[in-house]
Amino acid sequence: MSRSVVQSLLAKQEFDEVDMARRFAEEYKKEPNRGYGMGVVTVFKKLLSPKCSDVFEPARAQFNGKGSYGNGGAMRVAGISLVYSDIQDVKKFAKLSAELTHSNSLGYNGAILQALAVHLALQGELSRESFLEQLIGHMEDVEADDKSLADARALGFEDLPFSRRLKKIKEFLELSTVPKSDVLYELGNGVAALRSVPTAIYSFLRSMGSDPDIPDHYNNLQRAIIYCISLGGDTDTIATMAGAIAGAYYGEEQESEPPDGFTRWGSLFKKNNKPETLDGKRHKCGSSEKRKKYQHEHLFPETETLRASCP
Ligand SMILES: [Mg+2]
């Protein structure tokens, strides 16, 4: 699904909901037994129907109209932050890309939060405090609309639930140690976006420092992923999100060699001299030259190279 997001943006050179929805559904059709939830399978089947005229409708109809609040929209969203540099665009297209399968605000707001985290990570050297302050400021705005308030209340959550969990992360980071049981209780390790996106962000931020339980030869990105896995639960999704944020922050130099048969994500892209995003603007990068190089090399890759690498 992450690959479909990127391939759609590259092929259309802008966000195109019909093209992206078609790619999601066709990806499902190629490999239907990958463990998709039944709810989203219904969405994919409807999207594949020639009768489908509104690609957002199948997701809206899920769960008696309540929509999904799972973490799938957040897990696949990082490509949006790579190609749009304007933060309003990041929010807008993260939301739309998620709404193709997750129409509950607790689902698509999770995707917005993950996209914002990747966006801020791409900006370069930020302190943990500044990173969280900026995320909290944006999410308090994102979560203040009527639908977000109504969806949270309908599910028994307090108002502004993502923002509150970001504040909890701030408290955790001020402590010398935090028991994993507290992390699981406050942030979670589940399949709901609310119980996994904040966990991924916490894992990224805490892994900026060392961890007595993880050997020093692992780098920051690897520590973020190892920590997510150590929490159990929906490990693949949470580690994927933490890895996307950490990868955006640290760059290619912290990526491991992939196992045999797998392709390094960065190598799917061909070097290109255009340091621009889809909206034609440059990302505001931090001081790390390596990070700038990584980011620029991964924008505007050649579509044909991508196709050749991803049959
Ligand atoms: Mg998962």
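A nonpolar core is taken here as a set of buried Ala, Val, Leu, Ile, Met, Phe, Trp, Tyr and Cys residues joined through C-beta atoms within 7 Å. A residue is buried if 20 or more other C-beta atoms lie within 10 Å of its own, exposed if 12 or fewer, and partly exposed in between, with C-beta atoms placed from the backbone. The model is predicted: local features need pLDDT of at least 70, side-chain atom pairs count only at pLDDT 80 or more, and totals for chains, interfaces and linings use all residues. Residues are numbered from 1 along each chain as its sequence is written.

The protein contains 17 helices and zero strands (DSSP runs numbered from the N terminus, H or I of at least four residues for helices and E of at least two for strands). Of its 311 residues, 45% count as buried. Two residues are in contact if their C-beta atoms, placed from the backbone, lie within 7 Å. Among contacts between residues at least 6 apart in sequence, 66% join residues at least 24 apart.

The largest nonpolar core has 78 residues, and A242 and I245 have the most contacts inside it. Helix α8 (residues 105-122) gives the most to this core, with twelve residues. When neighbours within four places in sequence are left aside, A242 is in contact with A200, S203, F204, A224, I225 and C228.

Helix packing was described by axes, which are lines fitted to C-alpha atoms, for helices over the stretch in contact, with angles running from 0 to 180 degrees between N-to-C directions. Angles under 35 degrees count as roughly parallel, over 145 as roughly antiparallel, 65 to 115 as roughly perpendicular and the rest as oblique. The axes of α14 (residues 220-230) and α15 (residues 235-250) come within 8 Å and cross at roughly 165°; α14 is therefore roughly antiparallel to α15. N220, L221, A224, I225, C228 and I229 of α14 make the contact with T235, I238, A239, A242, G243, A246, G247 and Y250 of α15. By class, this contact has ten nonpolar, four polar and no charged residues (Ala, Val, Leu, Ile, Met, Phe, Trp, Tyr, Cys and Pro count as nonpolar, Asp, Glu, Lys and Arg as charged, and the others, Gly among them, as polar).

For α2 (residues 17-30) and α3 (residues 38-48), the axes come within 9 Å and cross at roughly 115°, so the two helices are roughly perpendicular to each other. In α2, A21, F24, A25, Y28 and K29 meet F44, L47 and L48 of α3. The contact of α2 with α3 has seven nonpolar, no polar and one charged residues.
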